Amino acid sequence: MKESRKLELKSTITNTFLKTVSAFSNYNSGKIIFGIDDNGKVVGLKNIEELCLDLENKINDNISPKPDFRFIKDSKKNIITLIVEEGMNKPYLYKGKAYKRNDTATVEVDNIELNRLTLSGLNQYYEELKSRNQNLEFKVLQKELQKKLTIKNFSEDVLKTLNLYDDKNGYNNAAELLADKNNFSGIDIAKFGENIDEISDRNLFINISIISQYQKTLEVFNRYYKYEQISGSERIEKELIPEKAFREVIANALIHRTWDVNSNIRILMFEDKLEVSSPGGLPTGISEKEYLNGQISQLRNPILANVFFRLKYIEMFGTGIKRINESYKDFAVKPNFEIFENSIKITLPIIATKLFLTTDEKIVMDIFKDGSILSSSEIVEMTGFKKDKLNRLLKKLVQKNYIEIIGNGRGTKYLKK
């Protein structure tokens with residue numbers, strides 16, 4: 001038995017367990033087992049009936065509001081399991097502070113996270129809060145609504161229908177994000193050359209409507225990852241990365257990110273891939289498995305998501321990941337999803353058959369003859385490269401679709417496509 005994000009072990013009873021009660025009440029539930037040490041060894045406790053009453057009194061006297069918990073007593077091992085359920089009336093405070101689990105540790109939340117817990121307890125979203133800026137214009141939104149929904153008369157009633165305005169509070173944060181000008185962060189795009197030290201292009205889209213951010217980002221994407229190929233008398237449009245996948249990634253980044261932090265969505269464009277990092281981890285209540293399977297049931301910004309849905313930037317709520325994967329179904333390379341506590345990174349690899357080669361990659365390719373199948377040891381001998389360097393080069397060439405892998409383990413060999 002080992003400690004985890006949802007399990008804490010205690011050999012004795014001290015008041016420090018109350019911080020973890022706060023953490024489990026605020027986030028995703030959990031268990032605390034008393035009578036087991038950090039190594040998972042059962043040490044047992046005396047008078048577990050009396051100790052349960054003592055634990056209950058400590059929780060009721062020190063955690064506010066009262067959390068939802070229960071005990072399971074094991075008289076044979078003399079251990080107590082305290083099960084704490086995630087509550088609805090957040091934040092749950094111990095000595096005026098809220099806590100969360102960070103892997104196996106319990107830590108105090110910062111002010112931003114405390115505000116999020118408070119909003120969650122009030123069943124509110126950050127985008128619903130009154131905007132500090134009430135002098136807003138919506139020419140970009142108006143144009144898109146007229147184009148996509150044929151709305152001719154853009155008025156205050158339209159903004160009310162979209163939940164962007166009400167008579168009591170005026171415009172909310174979602175409205176400001178959609179306004180022509182705002183005070184929010186945006187999208188930072190960097191196009192790299194042969195390595196990360198060489199930036200060939202830089203675009204920063206901030207303080208403008210997220211609709212404009214979306215559109216301008218697509219323009220940059222098309223500049224570098226789409227091209228025309230002449231076939232006979234026809235010009236055929238080709239993609240280095242499926243535009244359908246990129247549209248989903250950017251739309252999802254804008255509507256699922258946290259907007260209460262001053263951090264940009266970062267897009268890194270390389271010769272062989274594109275990376276998009278979005279501020280904010282998974283919404284509360286969504287597991288990594290549910291996210292990757294496209295089973296998102298809770299939106300972080302439902303007002304923005306509804307507007308993007310109406311404008312046909314997204315097709316259905318919660319299907320973005322499936323659609324991204326679907327865009328790559330006919331290709332050997334696949335998108336990659338990395339989930340961190342405070343961000344999500346999605347990598348879209350190039351699907352083109354021929355890409356830019358570095359000098360070292362050309363050396364490797366030159367030793368392949370048509371139909372030749374070589375092992376890594378044979379390539380090391382022929383090129384003089386060290387094994388670690390060669391493995392990195394081979395991985396890149398596979399990603400760029402120049403060579404393919406045959407076999408596995410010690411029998412792995414490589415074939416030129």
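Ala, Val, Leu, Ile, Met, Phe, Trp, Tyr, Cys and Pro count here as nonpolar, Asp, Glu, Lys and Arg as charged, and the others, Gly among them, as polar. By that scheme, the lining of the second largest pocket holds four nonpolar, four polar and ten charged residues. The model is predicted: local features need pLDDT of at least 70, side-chain atom pairs count only at pLDDT 80 or more, and totals for chains, interfaces and linings use all residues. Residues are numbered from 1 along each chain as its sequence is written, and side-chain values use heavy atoms, with hydrogens and water left out.

**Overall build**
- The protein has 14 helices and 21 strands; these are DSSP runs numbered from the N terminus, helices being H or I of at least four residues and strands E of at least two.
- Its C-alpha trace spans about 85 × 70 × 35 Å along the principal axes.
- Of the 417 residues, 46% are buried (under 20% relative accessible area, with exposed over 50% and partly exposed in between; 1.4 Å probe, protein chains only).
- Among contacts (heavy atoms within 4.5 Å) with a separation of 6 or more, 62% link residues 24 or more positions apart.

**Largest pocket**
- A pocket is an open set of points on a 1 Å grid over the protein atoms alone, where a 1.4 Å probe fits, with protein on both sides within 12 Å along at least five of seven lines; lining residues have an atom within 4 Å of a point.
- The volume is about 1400 Å³, taken as the space filled by probe spheres set on the points, which are joined across faces, edges and corners.
- The lining numbers 46 residues, with Tyr-27, Leu-282, Pro-283, Thr-284 and Arg-300 nearest the centre.
- H3 gives the most, six residues.
- The lining comprises 17 nonpolar, 16 polar and 13 charged residues.

**Second largest pocket**
- This pocket has a volume of about 380 Å³.
- Its lining has 18 residues; Glu-194, Thr-358, Glu-361, Lys-396 and Lys-400 lie nearest the centre.
- Helix H14 (387-399) and helix H12 (359-366) each supply at least two lining residues.
- H14 has the largest share, four residues.

**Asp-188**
- Asp-188 sits in strand E11 (residues 187-192).
- Asp-188 is buried, at 15% relative accessible area.
- Its side chain makes a polar contact of 2.8 Å with that of Arg-202 (N or O atoms within 3.5 Å; within protein, one must be able to donate a hydrogen and the other to accept it, and residues adjacent in sequence count only if both atoms are side-chain atoms).
- Beyond four places in sequence, the contacts of Asp-188 include Asn-203, Leu-204 and Ile-265.
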